[in-house]
Amino acid sequence: MNDTYPQVLFKNRHPDRIATFEEYRAGGGYRALADAIARRTPAEVREIVLDAALLGRGGAAFPAGRKMMTIAEDAPHPRYVVCNADEMEPGTFKDRVLIHADPHLLIEGIILAAWSVQADRGIIFIRPEYENAARILEREIGIAGEHGYLGRHILGTEYSFEIVVHRSAGRYICGEVTAQINALMGRRANPKQPPPYLTQQGLWAKPTLVHNVETFACLPHIVQNGADWFKSLARTADGAGTKIFGISGKVKQPGCYELPIGIRLSEIIENCAGGMLDGSEFKACLPGGASTGFLPRQHYHVEMDFDALKKAGNRLGTGAIMVFDHKTCLVAATLNLMEFFARESCGWCTPCREGLPYIRDLLARIEGGDGEPDFIPMLEEMKVHLYRS
Ligand SMILES: Cc1cc2nc3c(=O)[nH]c(=O)nc-3n(C[C@H](O)[C@H](O)[C@H](O)COP(=O)(O)O)c2cc1C
């Protein structure tokens with residue numbers, strides 16, 4: 001499969017172990033950082049990322065370069081970079097796989113981002129269930145420091161930067177950036193509407209750049225190979241890069257696959273995930289994690305990129321594809337997800353706090369054979385409230 005689909009983020013991936021620091025470096029690792037520090041200005045690095053049209057891989061698809069650009073040259077210090085490794089969305093597991101495959105790719109990506117905005121401190125915010133990944137990162141951060149890539153006077157320059165790993169207390173809302181910043185400051189993890197934006201006033205009211213694990217992991221490759229190369233990895237004209245798709249459900253080979261942005265859903269299911277289980281027919285999927293909508297059969301050949309899914313009335317989200325077959329009851333599947341979302345609502349906004357348990361209870365009654373025709377308009381009305389909030 002690797003000949004058909006160029007492996008960039010997974011190029012050092014082994015089936016049974018993590019890539020070592022030596023392997024990472026032997027494959028060209030830390031060269032982008034060394035080149036950037038020696039030969040480029042931070043603004044040039046930000047420009048390359050902007051030109052590469054990298055969209056954030058954490059679900060919201062905001063252009064990464066544009067976010068970096070919003071930290072002004074004269075912004076105050078200390079500046080922070082936060083890596084969002086919370087990954088609590090049901091069905092999403094790509095960040096864990098990426099960290100376990102090649103931790104130095106993430107570490108180099110964070111340092112490059114930090115250099116590009118001249119940040120002083122980095123924090124990896126990780127969910128508590130990812131204790132193994134947290135330990136791997138702590139160990140490998142230590143190794144990167146021993147080799148001069150982290151700590152004081154990185155590679156003999158005036159630039160200093162360090163990274164710590166912070167274990168979350170474990171709530172879904174902590175993955176949302178503004179809630180995450182509150183959690184990191186020891187406050188209740190409530191979300192907050194901008195302005196001010198975090199890049200202006202984030203952690204302790206200082207400029208803070210937050211990205212997803214996969215977004216950071218793209219940076220060394222973009223800086224090393226250039227914006228045009230990155231864009232050329234995608235199959236769609238407006239797409240850029242590869243995407244790690246985590247596929248689960250009624251397929252023969254569930255797992256994480258690195259594939260070009262814009263690959264068709266049908267190709268992912270049939271060529272990468274081994275096809276549907278014997279006796280199963282594709283009914284629908286969630287194309288990008290539990291917070292995306294059901295994608296029905298008529299979109300089976302949709303191009304998996306941000307724009308194409310938007311046109312289909314859906315979202316690429318985190319690229320976590322959950323596949324349902326003709327025997328799966330989508331009411332039951334939705335109820336299952338609603339149990340999660342109702343439990344995990346932080347309670348800050350009324351439509352979510354009150355609406356999710358309401359939806360869950362209606363679905364539970366339908367599932368229990370106690371549904372009534374009136375429930376459909378009630379559910380539709382509640383959907384409007386939730387989408388508006
Ligand atoms: C409820 C909720 C949970 C989220 N969880 C995560 C998460 O676990 N990881 C993540 O990277 N982004 C998560 N996000 C999106 C982040 O708020 C943010 O957009 C992202 O971390 C920015 O990184 P990016 O620009 O690299 O995509 C979540 C958003 C919401 C609303």
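The model on the screen is predicted. The stops below can be visited in order.

**Stop 1**

Select A205, which sits in the loop between α8 and β4. Its phi is positive, about 60°, although A205 is not a glycine. Then select W204, in the loop between α8 and β4 as well. The phi of W204 is near 45°, again a positive value in a residue other than glycine. Why point these out? Most residues other than glycine have a negative phi, and most peptide bonds are trans.

Are these residues buried or partly exposed? W204 has a relative accessible area of 46% and is therefore partly exposed. A205, at 43%, also counts as partly exposed, because that class lies between 20% and 50%.

Select P195 in this loop, which runs between α8 (177–184) and β4. The peptide bond that leads from P194 to P195 is cis, with omega near -5°.

**Stop 2: another cis bond**

Go to P78, in the loop between α4 (64–69) and β1 (80–85). Select H77 together with P78: the peptide bond from H77 to P78 is cis, and its omega is near 0°.

**Stop 3: the ligand**

Select the ligand and display what surrounds it. How many residues surround the ligand? There are 17, and the closest are G58, N84, E87, N212 and T215. Sorted by class, this shell holds five nonpolar, seven polar and five charged residues. Which strand gives the most to the shell? It is β4 (residues 208–212), with three residues.

Now display distances to the oxygen atoms of the ligand:

- G58: a backbone N or O atom lies 2.8 Å from an oxygen atom of the ligand.
- H211: a polar side-chain atom is 3.1 Å from an oxygen atom of the ligand.
- R57: a backbone N or O atom is 3.3 Å from an oxygen atom of the ligand.

On its own the ligand has 610 Å² of accessible area, and the protein covers 81% of that.

**Stop 4: D95**

Select D95, in helix α5 (residues 94–101). Its relative accessibility is 3%, so D95 counts as buried; the limit for that class is under 20%. Which side chain does the side chain of D95 meet in a polar contact? It is that of N212, at 2.9 Å. Show the contacts of D95, leaving out neighbours within four places in sequence: they are N84, E87, N212, V213 and E214.

**Stop 5: the nonpolar cores**

Select I111 and F161. Of the 67 residues in the largest nonpolar core, these two touch the most other members. Helix α6 supplies the largest share of this core, nine residues. To see the surroundings of I111, display Y30, L33, Y149, L150, I154, F161 and I163; these are what I111 touches once residues up to four places away in sequence are set aside. Apart from this core lies another, of 27 residues, including I261, I269, L295 and V323.

**Stop 6: S116**

Stay with helix α6 (residues 103–116) and select S116. S116 has a relative accessible area of 0% and is therefore buried. What lies 2.8 Å from a polar atom of its side chain? It is the backbone oxygen of A113. Setting aside residues up to four places away in sequence, S116 touches P42, V45, R46 and M68.

**Stop 7: C346**

Finish in the loop between α13 (330–344) and α14 (350–367), where C346 is found. Is C346 buried or exposed? Its relative accessible area is 19%, so C346 counts as buried, given that the class takes in values under 20%. Display I173, R188, A189 and P191: C346 touches these, not counting residues up to four places away in sequence. C346 and K192 are 154 residues apart in sequence, while their C-alpha atoms are 12 Å apart in space.

Conventions
Residues numbered from 1 in each chain as written. Predicted model: local features only at pLDDT ≥ 70, side-chain atom pairs only at ≥ 80, totals over all residues. Heavy atoms only, no water. Helix = DSSP H or I, 4+ residues; strand = E, 2+ residues; numbered from the N terminus. Buried < 20%, exposed > 50% of the residue type's maximum accessible area, 1.4 Å probe, protein only. Polar contact = N/O pair within 3.5 Å; in protein donor to acceptor, adjacent residues only side chain to side chain. Contact = heavy atoms within 4.5 Å. Near = heavy atom within 4 Å. Areas by Shrake-Rupley, 256 points an atom, 1.4 Å probe, with all protein chains shown as cover. Nonpolar A, V, L, I, M, F, W, Y, C, P; charged D, E, K, R; others polar. Core = buried A, V, L, I, M, F, W, Y, C linked by side-chain atoms within 4.5 Å.
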